[in-house]
Amino acid sequence: MKKRTFFLSLAMATMLAGCGTQMGNQVLSDILLGQGTTGDAVGTLGNILGSVLKTTTTPTQKQLIGSWTYYQPGCAFTSDKLLAQAGGEVVASQIKQKLDPYYQKLGVKSSNTSVVFKEDGTFSASFAGKAFSGNYTYDEKNAKVTMQGMLITLNCYAKRNMNGMALLFESSKLLTLLQTLSALSGNTTLQGVGEISKSYDGLRVGFDFK
């Protein structure tokens, strides 16, 4: 574990040192010297490296296919700037922690939230125990997934991460999904999700799968 932390720290230090900015130094300092356990530092550094190396975050059509199980809230910033993504991942981990209790209140958990993308262009999904199925298309260039069912059409974005894949939505689209599938329109839990997701520019929120 110590060796792993060292090499991740070294990689991050090299990357941020090359940028030569005060922001880069602050991000590195916050991660390596701030709060959290060794495991937290490893996880945060891994997420940052995975996000900054943008070519590794867009799944191919083949990588999208499979059975995916929810394990935590997902979020990411849309900025293409290197340091914005690095700093954004630190903030993103905090946003996930804020979203988690709201997701729990909505009943979103690993046992009832999953999605299966098949090679024939069909999908089956369950969000908080509510089944949803139909056809999907994937725009690999823009990482955009369109999921069309009988009652609702969802547009989201796929993003590879260290543990699997995330499906991320613009805040209004996520609220539409949650309202449709949970029948909780106007519920304070949904209002809380909305306030968090609208508090940050360029933020997409959704679900991390593995």
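Phe-123 has Gly-134 as its bridge partner in strand 4. Strand 3 (residues 122-127) and strand 4 (residues 130-139) pair in the antiparallel sense over six bridges, where pairing requires that DSSP finds at least two bridges between two strands. The model is predicted: local features need pLDDT of at least 70 and side-chain atom pairs count only at pLDDT 80 or more, while totals for chains, interfaces and linings use all residues. Residues are numbered from 1 along each chain as its sequence is written, and side-chain values use heavy atoms, with hydrogens and water left out.

**Fold**

- The protein chain contains seven helices and eight strands, taken as DSSP runs numbered from the N terminus (helices: H or I, at least four residues; strands: E, at least two).
- Eight strands close into a barrel with antiparallel pairing, in the order 1-2-3-4-5-6-7-8.
- On average, neighbouring strands of this sheet are turned by 35 degrees against each other, direction ignored; the axes are lines fitted to C-alpha atoms, and angles run from 0 to 180 degrees between N-to-C directions.
- Strands of a sheet pair through backbone hydrogen bonds, either parallel or antiparallel.

**Burial and surface**

- Of the 210 residues of the protein chain, 44% count as buried (buried: under 20% relative accessible area; exposed: over 50%; partly exposed in between; 1.4 Å probe, protein chains only).

**Core and contacts**

- The largest nonpolar core has 40 residues, and Phe-117, Val-145, Met-147, Leu-167, Leu-174 and Phe-207 have the most contacts inside it.
- Such a core is a set of buried Ala, Val, Leu, Ile, Met, Phe, Trp, Tyr and Cys residues joined through side-chain atoms within 4.5 Å.
- Leu-167 touches residues including Val-115, Phe-117, Val-145, Cys-156 and Phe-207, leaving aside those up to four places away in sequence; contact means heavy atoms within 4.5 Å.
- Among contacts in the protein chain with a separation of 6 or more, 62% join residues 24 or more positions apart.

**Ser-171**

- Ser-171 lies in helix 6 (residues 171-182).
- With a relative accessible area of 17%, Ser-171 is buried.
- Not counting residues up to four places away in sequence, Ser-171 touches Ser-197, Lys-198 and Val-205.

**Cysteines**

- The structure holds zero disulfides (pairs of cysteine sulfur atoms within 2.5 Å).
- Cys-75 counts as buried at 4% relative accessibility, and Cys-156 is buried with a relative accessible area of 0%.
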